[in-house]
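This briefing goes through selected local features of one protein model. Please look over the sequence and the structure before reading on.

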Amino acid sequence: MDGSTNSLDDVSAGSSAEFPDRLSLMEVRLQAQEDEITLLKSSLADALRKLRLHDQQIPLLKQQLIAVNPGAARVLNQSFSIDGFSKPCRLSTSSLDGLHHPVNSHVSNSTENGEGSKAHSVPSLKAGTSERSTQTDPWTPEPVRTPLAASKSLCLEDALPEGVSLMEEALNKLHQETQEEENNEDEREKDRSWRSVVEEPIQPTSIRTLQQQQSKSSEESQGSAPQTPTSSSPAPPKEPSSSPHTGPLSPIMEGEKTLTRRNSEKLSKDTQDKTKQRMPKKAASSTNLLTRSPSLEGRAKDLLASTGTQGSRRGTQGQSIKMFIRGRPITMYIPSNIQNYDELKMDLPSEKLELDWVYGYRGRDCRGNLYMLPSGEAVYFLACVVVLYHVTKRTQRHYRKHTDCVRCLAIHPDKVLIASGQTAGVDKDGKPLQPFVHIWDSTTLVTLQQIGLGTFERGVGSVAFSNADAGAFLCVIDDSNEHMLSVWDWNKNTKVVEVKSTNEAVFVVEFNPADTNNIITCGKSHVYFWTLSAGTLTKKQGIFGKYKKPKFIMCFVFSLTGDVLTGDSEGNILTWGKSAADIKTLGKGAKETFQIMKQTRAHEGSVFTLCVLQGGALLSGGGKDRRIIRWSADLAPERECEIPEKYGAVRTIADVDGEELLVGTTRNAILRGTFSDGFVATVQGHVDEMWGLATHPFQNIFLTCGNDKQVCVWNAEEHSLSWCTTLEESGLCADFSPSGAVVSVGLSTGRWLVLDLQTREVVSDLIDGNEQLSVIRYSPDGSFVAVGSHDNFIYIYSVTEGGRRYTRFGKCTGHSSFITHLDWSKDGKYIMSNSGDYEILYWDVTGGCKLLRNRYESKDREWASYTCVLGFHVMGVWLEGSDGTDINALCRSHSERVVAVADDFCKVHLFQYPCPKPKAPSHRYEGHGSHVTNVRFTHCDSHLLSLGGKDACILQWRVKRSGAADNKDHPNFSLPPSTSTSSSDPRNQREKELG
């Protein structure tokens with residue numbers, strides 16, 4: 001029976017363990033489906049955009065037709081007799097497509113109205129005979145109504161000069177090539193992985209083949225789905241030129257010969273029948289549609305649809321690079337100053353980063369994480385960094401050997417050694433990493449021991465050193481379901497004992513300072529007293545007896561008399577003591593118990609922390625009432641004070657000198673002060689995910705904003721918070737005006753505010769759409785500001801009165817997904833933008849916010865900033881197999897020497913600039929415990945700032961050039977020498993082995 005029960009328990013436990021894996025797999029599949037829907041939307045938007053362009057070209061084609069043959073005007077304006085009714089004749093785009101190509105063409109095209117249609121189609125040349133059907137006189141229809149069979153056929157040849165004809169041999173040859181192309185198209189394999197291809201220039205000798213493929217593509221689109229183009233995001237064509245020789249479909253010269261396409265009735269029927277047979281194949285999945293490798297068909301369309309002079313057409317024939325993200329091709333044109341792309345060499349940048357300062361503190365969801373050292377340094381953690389902050393000197397040192405977020409701290413009895421435990425985290429592929437505990441020297445930042453690698457699950461929740469034996473043992477509780485409690489001889493890195501603790505949350509673990517064999521844990525609905533004997537741990541649960549059992553035991557301390565004092569969620573301080581065995585009630589086998597000796601009402605709401613002072617007095621910190629109360633040894637209240645509401649509740653208290661205190665709060669601030677003088681913030685930070693980051697154009701200040709609705713302005717030189725204001729909504733993006741007098745902040749509801757840096761007042765409040773704003777950017781001269789929204793539009797405003805007055809100038813319409821990044825050109829006339837479906841578009845702002853359809857013309861344009869994650873100059877920052885969301889932000893330095901990248905795997909990268917080749921090397925830096933959301937260089941490139949997502953962490957990196965001579969060449973290192981020391985540089989061989 002016992003065996004059966006254990007088997008069922010094992011199955012239940014296994015199912016519980018597998019549930020998160022199945023849930024994670026389902027989330028991955030859901031994300032993949034959402035991405036596919038996004039790509040489908042972008043493909044549909046591309047098709048609609050091409051249809052609009054097609055319709056816009058029809059009037060131009062008619063004008064050019066009339067210019068070639070004035071007699072065609074009467075033909076185009078005539079009405080034909082169809083089934084006894086008068087109906088105007090409409091020439092299709094495909095019919096007019098080849099009209100502008102001069103004579104001697106062997107390429108034909110067809111135009112049909114579709115099966116079952118009664119509309120009269122434009123008649124075409126008979127393909128069943130070699131007779132030259134040429135009409136030189138314009139045809140005029142009879143005024144009377146005649147049956148369709150008796151009506152005279154009209155051919156596009158009627159509008160051409162005399163002597164133009166099409167040969168039967170050319171038609172048959174084209175028909176065969178069309179069949180071969182259709183058969184080959186089904187066999188093409190899709191390239192889903194990253195690759196860059198240097199396209200070969202299209203030679204004049206291949207123009208005939210390209211036009212034949214263009215003709216075939218036009219016929220297929222008419223026969224199968226005239227509303228849905230199947231090509232995947234070709235480069236947009238150039239806008240029409242005013243030159244009479246450069247219309248939308250300009251003639252393409254091949255020596256002395258010119259090419260003309262005409263209609264073929266027989267070919268049109270054959271193509272239509274074959275298209276009907278291939279309709280099921282056309283209904284392919286979106287993945288097949290979007291990942292199809294580019295063919296000559298796409299290149300022919302680009303060539304035939306481009307405008308401009310013969311010199312500008314050479315640009316379309318020039319080299320370009322195609323990059324694939326999630327199967328979608330992204331074309332990037334090589335600038336003119338790069339003669340040989342293949343010979344470009346990507347090197348590591350000479351610049352490197354060194355962690356200078358950490359802004360913030362993790363008090364929101366951690367406890368027992370603030371301690372004072374005899375050196376005058378406060379120890380706390382944030383993200384993957386343990387910070388040692390000197391309270392009076394205002395300097396920082398950093399221990400950086402952790403690979404994921406630090407969760408707990410413990411100070412050795414010698415007040416020098418520190419134990420820090422981290423969470424497990426995941427690697428790039430989503431596989432869980434192994435958590436561990438590091439024991440390190442706070443003086444030298446040298447790692448002495450790594451405990452528990454491969455033993456702990458999910459993370460380390462709490463650690464504690466023993467006291468009675470000079471700190472020889474370390475107790476650890478992990479974050480597994482059973483919250484395993486283990487005791488380690490950390491000097492030998494051996495595990496003494498391990499036991500299941502409880503399935504409920506465990507908040508604190510501590511050794512009895514007088515007896516290493518006694519350990520206490522507390523957490524949800526429990527307080528356990530553990531005894532270590534003969535290599536085994538046994539526990540006794542505290543008995544609440546007549547007292548109400550609280551939902552949580554939040555904290556506990558040992559008084560100088562040896563009593564255990566606990567603070568709970570009911571606001572009480574409970575005094576626990578050991579009671580003798582009650583033999584009368586429980587019999588001879590009764591054992592001693594731990595019971596409540598005294599209950600003291602302390603706070604309204606939870607008691608979050610307790611701290612014993614050197615003289616025996618007790619400090620308690622409240623949650624809901626935000627009060628700090630000083631108690632005498634017999635728990636009589638002596639003094640109290642209240643923490644300002646903006647800092648949140650009291651999370652933890654550290655004694656500085658018996659009078660001065662450090663207080664960590666739930667809103668990620670550390671306060672310093674006394675009961676008499678009050679408390680002021682010495683460390684502050686955000687409390688939720690951050691996305692907005694902007695640096696001042698000529699001062700060492702920067703601004704951050706995030707989901708906590710706070711806008712904070714920081715002084716990078718003094719490492720302090722200058723001022724902070726709270727908004728009604730979350731701030732997601734920001735940018736300083738070039739004058740530096742105002743800063744604009746984009747919010748989550750489509751609103752954006754303009755703040756005056758001096759008065760801190762809102763000088764302008766505007767709204768664009770009802771979706772979140774993702775980017776806001778001033779032009780270099782400050783005359784315009786561009787606002788990118790999740791409604792797919794970029795709103796342009798003219799700026800006057802020193803950045804205090806904004807007038808809507810225009811709206812950039814053309815993206816098929818939400819705007820992610822944008823940059824202005826150095827002349828302030830153009831914008832480059834990225835969107836959520838990996839589009840790169842260019843806009844002529846001063847010309848009326850027009851979309852530049854020929855992206856080739858922007859290949860040599862210089863940009864005032866470079867924050868777009870997609871572009872030729874930063875193509876190499878993408879890793880192989882990237883899915884398009886792996887890079888959240890990047891920023892080019894003002895010197896245009898390096899580009900910093902914020903990725904989705906907690907890393908900051910530094911690449912050389914430009915970086916146009918894949919697999920480019922980079923310097924990689926760790927420190928964040930969550931996805932890095934944004935990066936920016938300061939105005940003089942002396943520092944780089946990076947924002948963490950869920951870790952609510954701001955890291956300030958000092959930019960260092962290799963070699964003393966190089967440092968002199970740096971644009972400006974205006975900030976004082978670094979006041980921080982990092983453990984990232986190994987101090988001895990021992991640390992190299994362990995780090």
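**Backbone, cysteines and a buried aspartate**

Asparagine 493 counts as partly exposed because its relative accessibility is 32% (buried means under 20% relative accessible area, exposed over 50%, and partly exposed in between, with a 1.4 Å probe and protein chains only). This is a predicted model, in which local features need pLDDT of at least 70 and side-chain atom pairs count only at pLDDT 80 or more, while totals for chains, interfaces and linings use all residues. Residues are numbered from 1 along each chain as its sequence is written, and side-chain values use heavy atoms, with hydrogens and water left out.

Backbone in loops

- Asparagine 493 is not a glycine, yet its phi is positive, at about 55°.
- The loop that holds asparagine 493 runs between β21 (485-489) and β22 (494-499); helices (H or I, at least four residues) and strands (E, at least two) are DSSP runs, numbered from the N terminus.
- Asparagine 792, also a residue other than glycine, has a positive phi near 80°, and lies in the loop between β48 (784-789) and β49 (794-800).
- A cis peptide bond, with omega near -5°, leads from tyrosine 913 to proline 914.
- Proline 914 is placed in the loop between β57 (907-912) and β58 (923-926).

Cysteines

- The count of disulfides is 0, where a disulfide is a pair of cysteine sulfur atoms within 2.5 Å.
- Cysteine 408 is in no disulfide, and the nearest cysteine sulfur, in cysteine 366, is 8.3 Å away.
- Cysteine 408 counts as buried because its relative accessibility is 5%.
- Cysteine 641 counts as buried too, at 15% relative accessibility.

Aspartate 844 and its sheet

- An open sheet of 4 strands has the order β51-β52-β53-β54, with antiparallel pairing; two strands pair if DSSP finds at least two bridges between them.
- β51 (819-824) and β54 (850-851) each have a single partner strand and stand at the edges, so one side of each is left without a neighbour in the sheet.
- Aspartate 844 belongs to strand β53 (residues 840-844).
- β53 pairs with β54 in the antiparallel sense over 2 bridges, and lysine 850 in β54 is the bridge partner of aspartate 844.
- Aspartate 844 is buried but has no salt bridge (a side-chain nitrogen of Lys or Arg within 4 Å of a carboxyl oxygen of Asp or Glu).
- The nearest side chain of opposite charge to aspartate 844 is lysine 850, 6.6 Å away; Lys and Arg count as positive and Asp and Glu as negative, while His and the chain ends are not counted.
- Leaving out residues up to four places away in sequence, aspartate 844 touches Lys829, Tyr830, Cys849, Lys850 and Leu852, contact meaning heavy atoms within 4.5 Å.
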